[in-house]
Amino acid sequence: MVNNDCRSSKGNKRNTIIYLLFRKYARWKSMGFTNRWVCRIKNLNFDIEKIKNLDGHYWKEEGEKHTLGRLIKLNPKIRTDDIGSIISGNFYFNWEQKIKDYEIKEDGKIDETTQIIRRTNTVHFWISSAARLILFPNSSDYVVEGAKTLSELFFGTEEGFDPITFDVSAIEKAANRGEFSMWTYYFNQRQGSIDKGVHYGDDIDTKDDLYRETASAPKNFIGIKMTVAGRIVKVRITKNGTVTFYSGSLDEPQLQPELFRAIKSLVDNFAVP
């Protein structure tokens with residue numbers, strides 16, 4: 001039985017997904033957010049001055065069919081005492097995509113062909129030299145490819161960035177110890193008819209029966225409350241290294257040191273070595 005604050009899907013019990021949606025879910029859903037995919041800068045020859053000198057750097061490569069342009073544009077540098085220099089910018093790049101096309105002939109035949117078209121994407125990035133972290137807005141395929149090209153330019157290798165993996169279970173244990181207030185989590189592989197789902201709340205009581213029902217199940221993400229820029233912010237951390245701040249937009253340049261401090265704290269305490 002699910003109360004008025006919750007809902008569950010119907011169907012095969014083994015694949016049932018229950019979404020425990022509390023009253024404040026609608027307000028959380030409409031809230032603005034700032035997303036960061038977190039990567040370590042590997043222990044390479046990290047020359048921040050070299051990166052700063054790449055502002056406006058343009059080069060091109062020959063693809064299978066098209067000439068592919070690349071351009072880096074940097075934003076004004078931000079400097080703080082504890083985080084050091086923060087450099088942010090945009091990486092613009094062309095890439096080729098193969099698509100199916102069809103040729104209609106006079107004899108009534110339709111032949112399938114392949115066309116190669118040129119696409120353009122932009123990858124925003126933020127670098128902290130002291131924290132040795134680089135942040136991206138997400139981990140989509142084109143961002144991952146753009147990150148490899150940036151790494152090649154910065155370090156001479158595509159493997160210069162190491163995506164962070166967070167130990168979500170360790171964050172959950174910290175919340176159980178009272179170090180954080182927990183507000184959401186995704187569970188799966190639970191034994192029983194309800195095998196996966198999302199629990200939303202405001203301050204989830206770890207003694208609550210609903211939490212106890214899912215406490216032993218593995219978690220793919222967890223939401224906690226942290227102090228960012230002097231205010232309490234809901235933060236969601238995923239196993240694959242994405243940190244999302246639900247507090248309107250935090251993309252303003254003056255707020256980047258605050259984001260790096262919060263993310264560095266998570267990396268130092270909960271990143272898998």
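The following questions and answers cover the pocket, surface patch, salt bridges and backbone of a predicted model.

Me: How are residues numbered, and which pLDDT limits apply?
Reply: Residues count from 1 along each chain as its sequence is written, and side-chain values use heavy atoms, with hydrogens and water left out. As this is a predicted model, totals for chains, interfaces and linings use all residues, whereas side-chain atom pairs count only at pLDDT 80 or more and local features need pLDDT of at least 70.

Me: How much space lies in the largest pocket?
Reply: A pocket is an open set of points on a 1 Å grid over the protein atoms alone, where a 1.4 Å probe fits, with protein on both sides within 12 Å along at least five of seven lines. Its volume is the space filled by probe spheres set on the points, which are joined across faces, edges and corners. For the largest pocket this space is about 220 Å³.

Me: Which residues of the lining lie nearest the centre of the largest pocket?
Reply: Lining residues have an atom within 4 Å of a point. The largest pocket has 13 of them. They divide into six charged (Asp, Glu, Lys and Arg), four nonpolar (Ala, Val, Leu, Ile, Met, Phe, Trp, Tyr, Cys and Pro) and three polar (the others, Gly among them). Nearest the centre lie Glu-61, Arg-70, Glu-145, Thr-149 and Glu-158.

Me: Which element gives the most to the lining of the largest pocket?
Reply: Helices (H or I, at least four residues) and strands (E, at least two) are DSSP runs, numbered from the N terminus. At least two lining residues come from each of β4 (58-62), β5 (67-74), β7 and α3 (141-155). The element that gives the most, with five residues, is α3.

Me: Which residues make the nonpolar surface patch of about 370 Å²?
Reply: Patch residues have over 30% relative accessible area and no salt bridge; nonpolar side chains (here Val, Leu, Ile, Met, Phe, Trp, Tyr) are joined within 5 Å. Areas come from the Shrake-Rupley method with a 1.4 Å probe, and for residues only the protein chains shown count as cover. The patch is made by Tyr-102, Ile-104 and Ile-110.

Me: Is Tyr-102 buried, exposed or partly exposed?
Reply: Tyr-102 is in strand β7 (residues 84-104). Buried means under 20% relative accessible area, exposed over 50%, and partly exposed in between (1.4 Å probe, protein chains only). Because its relative accessibility is 47%, Tyr-102 counts as partly exposed.

Me: How many salt bridges are there?
Reply: A salt bridge is a side-chain nitrogen of Lys or Arg within 4 Å of a carboxyl oxygen of Asp or Glu. By this rule the count is 14.

Me: What is the N to O distance between Glu-49 and Lys-52?
Reply: Both residues lie in helix α2 (residues 48-52), three residues apart, about one turn of the helix. Glu-49 is partly exposed, at 40% relative accessible area, and Lys-52 is partly exposed, at 26%. Their side chains meet in a salt bridge with an N to O distance of 2.8 Å.

Me: Which residue forms a salt bridge with Asp-111?
Reply: Asp-111 is partly exposed, with 28% relative accessibility. Its closest N and O atoms to the partner are 2.5 Å apart, and that partner is Lys-105.

Me: How many residues apart are Glu-172 and Lys-219?
Reply: The side chains of Glu-172 and Lys-219 meet in a salt bridge of 3.1 Å, N to O. This pair links distant parts of the chain, with Glu-172 in helix α4 (residues 168-176) and Lys-219 in strand β13, and the number of residues apart is 47.

Me: Are Glu-172 and Lys-219 buried or exposed?
Reply: Glu-172 has a relative accessibility of 8%, so it counts as buried. Lys-219 has a relative accessible area of 9%, so it too is buried.

Me: What is the phi of Arg-132?
Reply: Most residues other than glycine have a negative phi. Arg-132 lies in the loop between β8 (110-128) and β9 (133-136). Although Arg-132 is not a glycine, its phi is positive, about 55°.

Me: What separates the C-alpha atoms of Gln-256 and Ala-229?
Reply: Gln-256 lies in helix α6 (residues 256-270), and Ala-229 in the loop between β13 (219-228) and β14 (231-238). The two are 27 residues apart along the chain, and their C-alpha atoms are separated by 9.6 Å.

Methods: Patches are made of residues with over 30% relative accessible area and no salt bridge: like charges are joined within 9 Å, nonpolar side chains (Val, Leu, Ile, Met, Phe, Trp, Tyr) within 5 Å.
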